[in-house]
Amino acid sequence: MRKKVIQIFLIVCLVLTLVLGGCTRSETPNLPEEPAPKPLLDFDEDGLSDWFEENIAGYNPNVPNNRYIIFYYQVLDLPYETSHQSVMEREAQFFSEKGGVPPANIIELYQENATASTLKNAIDEVAKKSTENDIVFLRIEAHGGPSGISGGVSYKELDEWLNQIKAKVILVTIESCYGQCALPILENGDYPRIICATVGSDIAGSIGRDLRFFPVVDVIYGDGNGYVSLEEIKGFFEEERFLTREELEGLKEYFRNWEGDRTGLPFNPDNPEQLDLYYLPSEVKDLSNIAPEIYLVEYNPFTQKEYSEIKKSLLELREKGLYQSVFETASLISEILEKEGASEERIWQAKTGP
Ligand SMILES: [Ca+2]
Ligand SMILES: [Ca+2]
């Protein structure tokens, strides 16, 4: 009986709501609504909000700071499945989907399409559009020798091509054998340049593609403001991602005593000069000291609640001197995500990377 009364009551309520709702709608079309979350304005339509430009990046919110990215991948002897081409493809997707970079500003040159002439064309294309407010990122992964990379690109030529581009900064990362040899050739240009030899994929990782890297770069190596600058990435790379002198010497020693097949090696282990050239230390060159002023994207891969918990834990580790490395804190971050009810996929990514 009681159940039935409740049922009837509910039906009456429903009918009333429909009738009244219908009437109200026709009489007063502009009922006050729940306040919607205020959208972040992007006055100059460069994919970075006014708030972010004013408060975090220090860019002018009234002047577009367009971003142009060129991916160059040339390692023909690797089949697609084992190559890093798919990594770059996903990075390109990250920049457009999460970083607000229009797909038209991203040029992808892979394998047979990665040659001196396609790279030069891509640079020409960017040079036509870019201004001294824009940010240009060229990410290279290829086979390499002391003077250039596979696809027939010499560092000397690349240096000249890059000088056609007007930009706030031109960031170049080179992941290839002898990549460090590019540093003295490329480090200086008409517009500020940041050149980074090795660990190119960790740039996208650090700005939010890798849930393990992002908080460490921002909190341990930076100011913890919730976004990652190139200066913070530089600190992280130097401390954790580059091989130390000791490790390099160890590698040289290892190859001096190498007794296996020598034909596959990119150097002659009996020639100490070649070995020295090959095992140059990795480095980020920033002669203009502009890295602190450069933010590639406006993005944080965590919710506010997640991030405040992660930040608290990392700061505590840092203060107690217990922080060791980005891989040591991965489980900590995934535990916090689990507690905050994140999806299985994100928890897994925090453990193992993207
Ligand atoms: Ca803007
Ligand atoms: Ca702007």
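**Close-up 1. G144 stands opposite I149 in β5.** In this predicted model, the strand β4 and the strand β5, which covers residues 148–149, pair in the antiparallel sense, and two bridges join them. These strands belong to an open sheet of three strands, whose order is β4-β5-β6 and whose pairing is antiparallel. The edges of the sheet are taken by β4 (144–145) and β6 (153–154), and because each of them has a single partner strand, one side of each is left without a neighbour in the sheet.

**Close-up 2. E45 has a positive phi in the loop between two helices, α1 and α2.** The loop that holds E45 runs between α1, which spans residues 2–27, and α2, which spans residues 50–57. Although E45 is not a glycine, its phi is positive, at about 55°. Most residues other than glycine have a negative phi. E45 counts as exposed because 10 other C-beta atoms lie within 10 Å, and a residue is called exposed if that number is 12 or fewer.

**Close-up 3. Y178 has a positive phi in the loop between β7 and α6.** Here the loop lies between the strand β7 (169–175) and the helix α6 (183–186), and Y178 is found within it. The phi of Y178 is near 60°, which is again a positive value in a residue other than glycine. Is Y178 buried or exposed? Y178 is buried, because 23 other C-beta atoms lie within 10 Å, and the cut-off for a buried residue is 20 or more.

Notes: Residues are numbered from 1 along each chain as its sequence is written. Chains are lettered from A and ligands numbered from 1 in the order in which they are written. This is a predicted model: local features need pLDDT of at least 70, side-chain atom pairs count only at pLDDT 80 or more; totals for chains, interfaces and linings use all residues. Helices (H or I, at least four residues) and strands (E, at least two) are DSSP runs, numbered from the N terminus. Two strands pair if DSSP finds at least two bridges between them.
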